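Hi everyone, thanks for coming.

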Amino acid sequence: MDERSDQILTAQSRQGDKTAYEQLVLRHYRHVLGLCYAILMNFNDAQDVCQETFLRGFEKLQDLRDDSLFANWIHQIARRMCVDGLRRRKKSQFFSTLNEQPCSSDGDYSDLTTAIAGLPDDYRIPLVMYYLDGHDERAIASHLGTSQSTVCRRIQTAKQLLYERLSE
Amino acid sequence: MNINPCPDHKTEIEAYCCGHLSPAQAASLQEHLSGCSPCSRYYDMLIQQDKQLSAWADSLDSRIQDGQNSLLQRLREKEVSSAPLERSLRYRYIWHTAAAAVLIAAGFFSARLLQPAISKEQLFAEWSQTIQPQMEQKLAEAVARQLRPELLQMRNDLADKMTTQISESTAQSVALSQAMNAKLIREFADAVQTVQSRDRQVVSDALLRLEEKRLQDKKQTQKAVTSLALATGEEIARTRRQLFEASPVLFDSSNTNQ
């Protein structure tokens, strides 16, 4: 695991060091993907938006003023692109599925993903980010602007809501 | 089925599932769970949901890895085409400006040469006095205008790179210095401990020798006292014998008086 901080990697990426930006991708990909999937609830669409987020981030590195805030900045880009994606999904066929329909390739977990998609945003987003990104409550709390204990409570409440829906 | 734990313990159970309780708190909660069915069912439900969600996330792992690899590949392809194009556009502008200057010069000479009764010397004199300085100035301004942003960018990039390198090498120097200080402190502590151990050994040996000497002296003293006692006893006996031989009457009368 590369031990350079986000600040150093971002500064080096801006100077053209491609391996530095790749390290940023490896470090933050799953977290951004978790956010995209939590908003879009379609895995293929989430992967596409996640990839476009990092590509746009690479082009727009000059706009980042504080290199130590790369994680928050890339999440903001991802969130904006997801919101744009949801808007476009309503208007056109840009995305492969209809609104709030789980991807057909969810297989054995289609009931679970349908139930997750039906959760309120405040519970669904931390839940999906938690399980896709290796249980990093601190990072989730930082990106959502809340405390670690709040994230914990919302995740457990989400589990109870899922249980009630799946038991019906 | 509704699962409703005790209101007093619901938050605690959720914190326990997140690993936020201390060992003492966890032990206390486990004791409660063993005696409270609603709380125990709530805890079991959370654990079951955790397992199901973890399995779901694991099932996405290979697709996530594929997506990540695809992105890295796209990034590598993207980088190659971006920077050189900008530079070529800039230098193209400079060449265009130079080409325009040459055309203007060619136009001037053509126009002048077509006029009647003008010699080559007059033509070149007019050119070098009026047109050439103006064209040189305009060409220099155009080149400076185009190169200035690039030079500024290069200067900023070098400054950033130098700052980053200075920060990194300072951090490395501090870390190295701290590591060396720690090593020196450890070596000093080891040396002190060795010296202390050696001193303790020396003192211990000295005490042992003192003790042995003391015991030896004690034996000798005891021996001398015993010898002295024997000698004294013999001396006393001899003296009594001598006194008796010298004055047996005196010795007898003194015994009678007693």
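With that, chain B has 6 helices and 0 strands, and its elements run α-α-α-α-α-α from the N terminus on.

Some housekeeping. This is a predicted model, where local features need pLDDT of at least 70 and side-chain atom pairs count only at pLDDT 80 or more, while totals for chains, interfaces and linings use all residues. Residues are numbered from 1 along each chain as its sequence is written, and chains are lettered from A and ligands numbered from 1 in the order in which they are written.

How much of each chain is buried? A residue is buried if 20 or more other C-beta atoms lie within 10 Å of its own, exposed if 12 or fewer, and partly exposed in between, with C-beta atoms placed from the backbone. In chain A, buried residues make up 42% of the 168 residues. In chain B, 6% of the 258 residues count as buried.

Next, contacts: two residues are in contact if their C-beta atoms, placed from the backbone, lie within 7 Å. Take the contacts with a separation of 6 or more in chain A: residues 24 or more positions apart account for 61% of them. For chain B, among contacts between residues at least 6 apart in sequence, 58% join residues at least 24 apart.

Now, inside chain A, look at H2(A) and H4(A), residues 70-91. Their axes come within 10 Å and cross at roughly 35°. Axes here are lines fitted to C-alpha atoms, for helices over the stretch in contact, and angles run from 0 to 180 degrees between N-to-C directions. The contact has 12 nonpolar, 3 polar and 1 charged residues. By class, Ala, Val, Leu, Ile, Met, Phe, Trp, Tyr, Cys and Pro count as nonpolar, Asp, Glu, Lys and Arg as charged, and the others, Gly among them, as polar.

So where do the chains meet? 29 residues of chain A are in contact with 33 residues of chain B. On the chain A side, the elements giving two or more residues are H1 (6-14), H2 (18-40), H3 (43-59), H6 (121-132) and H8. That side divides into 18 nonpolar, 5 polar and 6 charged residues.

Let's zoom in on H8(A). This helix has 20 residues and reaches 29 Å from its first C-alpha to its last, close to the 28 Å expected at 1.5 Å a residue; the expected span is 1.5 Å times one less than the number of residues. Its buried residues include A:Val151, A:Ile155 and A:Leu162. Among what covers the buried residues are H5 (110-117) of chain A and H1 of chain B.

H8(A), residues 148-167, packs against H1(B), residues 7-17, at an angle of about 100°, with the axes 9 Å apart. That makes the two helices roughly perpendicular, the word for angles of 65 to 115 degrees, while under 35 is roughly parallel, over 145 roughly antiparallel and the rest oblique. Here A:Cys152, A:Arg153 and A:Gln156 meet B:Glu14, B:Ala15 and B:Cys17.

Leaving out residues up to four places away in sequence, B:Leu72 touches A:Glu22 and A:Val25.

Terms used:
Helix = DSSP H or I, 4+ residues; strand = E, 2+ residues; numbered from the N terminus.
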